[in-house]
Amino acid sequence: MDLADPADIIDKAAGLNPATGVGTLRRERPEILRLSQASYRAALHPADPGNLSYVERAALACRMVRLLKDDTLAAHYAGLLDGEGAGSATATLVDPSITNAVDARTNAILRHVDLLTLSPEKATRGDVERLMSAGLTDRDVVTLTGLIAFVNYQARLVVGMRMLKGE
């Protein structure tokens with residue numbers, strides 16, 4: 001699975017056959033399918049990555065799905081990360097057990113990713129202010145929050161599709 005793959009990433013991660021069962025059911029909402037794929041590309045590989053590189057995006061996505069204990073999506077994002085040419089420096093971003101990075105920017109990002117993935121109801125304005133204090137711009141905060149929202153949506157949808165399949 002990669003960004004150039006025209007196949008639906010949610011179908012692949014959930015193990016759906018587009019021509020049968022739950023896969024067919026998903027096709028009753030083609031606009032949602034199209035928008036989910038477009039959101040995937042926009043969150044992970046926009047034309048202009050801004051201050052959140054493609055490697056950081058893939059690594060943070062991998063971290064989120066690991067937090068959610070989804071091995072299939074974790075393998076997908078690890079593959080995407082490899083495709084972006086990531087080095088060992090991304091280990092901090094990918095590994096959910098690492099919560100203390102070497103710089104304030106990364107620490108703030110990791111804290112925010114973990115908070116919104118595991119306990120979004122606890123997020124406050126102070127959390128956004130913490131990101132800004134660490135050097136993120138308004139655009140960076142919006143970009144990061146969009147990435148977090150998409151990956152969490154995707155992971156939860158994949159779990160739901162698997163449940164509908166009876167897994």
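Q: Which word describes how α3 and α9 lie to each other?
A: The axes of α3 and α9 cross at roughly 135 degrees and come within 10 Å. Axes are lines fitted to C-alpha atoms, for helices over the stretch in contact, and angles run from 0 to 180 degrees between N-to-C directions. Angles under 35 degrees count as roughly parallel, over 145 as roughly antiparallel, 65 to 115 as roughly perpendicular and the rest as oblique. The word for α3 and α9 is therefore oblique.

Q: What pLDDT do local features need in this model?
A: Residues are numbered from 1 along each chain as its sequence is written, and side-chain values use heavy atoms, without hydrogens or water. The model is predicted: totals for chains, interfaces and linings use all residues, side-chain atom pairs count only at pLDDT 80 or more, and local features need pLDDT of at least 70.

Q: Which helix has the highest mean pLDDT?
A: pLDDT is the predictor's confidence in each residue, from 0 to 100. The chain averages 92, and 96% of the residues score at least 70. Among the elements, helix α6 (residues 91-94) has the lowest mean, 88. The highest mean, 97, belongs to helix α9.

Q: What is the handedness of the crossing of α3 and α9?
A: A crossing is left-handed if the near helix is turned anticlockwise from the far one by less than a right angle, and right-handed if clockwise. The crossing in which α3 passes α9 is left-handed.

Q: What is the handedness of the crossing of α4 and α9?
A: Helix α4 (residues 54-67) packs on α9 with the axes 10 Å apart, at an angle of about 45 degrees. The two helices are therefore oblique to each other. Their crossing is right-handed.

Q: What distance does α9 reach from its first C-alpha to its last?
A: Helices (H or I, at least four residues) and strands (E, at least two) are DSSP runs, numbered from the N terminus. α9 has 28 residues. The expected span of a helix is 1.5 Å times one less than its number of residues. For α9 that expectation is 40 Å, and the model comes close to it, at 41 Å.

Q: Which residue follows α9?
A: Here the phi is positive, near 90 degrees. The residue that follows α9 is Gly166.

Q: Are Tyr40 and Tyr77 buried or exposed?
A: Buried means under 20% relative accessible area, exposed over 50%, and partly exposed in between (1.4 Å probe, protein chains only). Tyr40 has 1%. Tyr77 has 0%. So Tyr40 and Tyr77 are buried.

Q: Which helix holds Phe150?
A: Tyr40 and Phe150 also form a tilted aromatic pair, 6.2 Å centre to centre, with 50 degrees between the planes. The pair links distant parts of the chain, 110 residues apart. Tyr40 sits in helix α3, and Phe150 in helix α9.

Q: What separates the C-alpha atoms of Met161 and Gly50?
A: Met161 is found in helix α9. With a relative accessible area of 10%, Met161 is buried. Along the chain, Met161 and Gly50 are 111 residues apart.

Q: Is Lys69 buried or exposed?
A: Lys69 is found in the loop between α4 and α5. Its phi is positive, about 60 degrees, although Lys69 is not a glycine. At 69% relative accessibility, Lys69 counts as exposed.

Q: How many Å separate the C-alpha atoms of Glu84 and Ala59?
A: Glu84 has its place in the loop between α5 and α6. Its relative accessible area is 24%, so Glu84 is partly exposed. Glu84 and Ala59 are 25 residues apart along the chain, and their C-alpha atoms are separated by 9.9 Å.

Note on methods:
Phe/Tyr/Trp six-rings, centres within 6.5 Å; stacked < 30°, edge-to-face > 60°.
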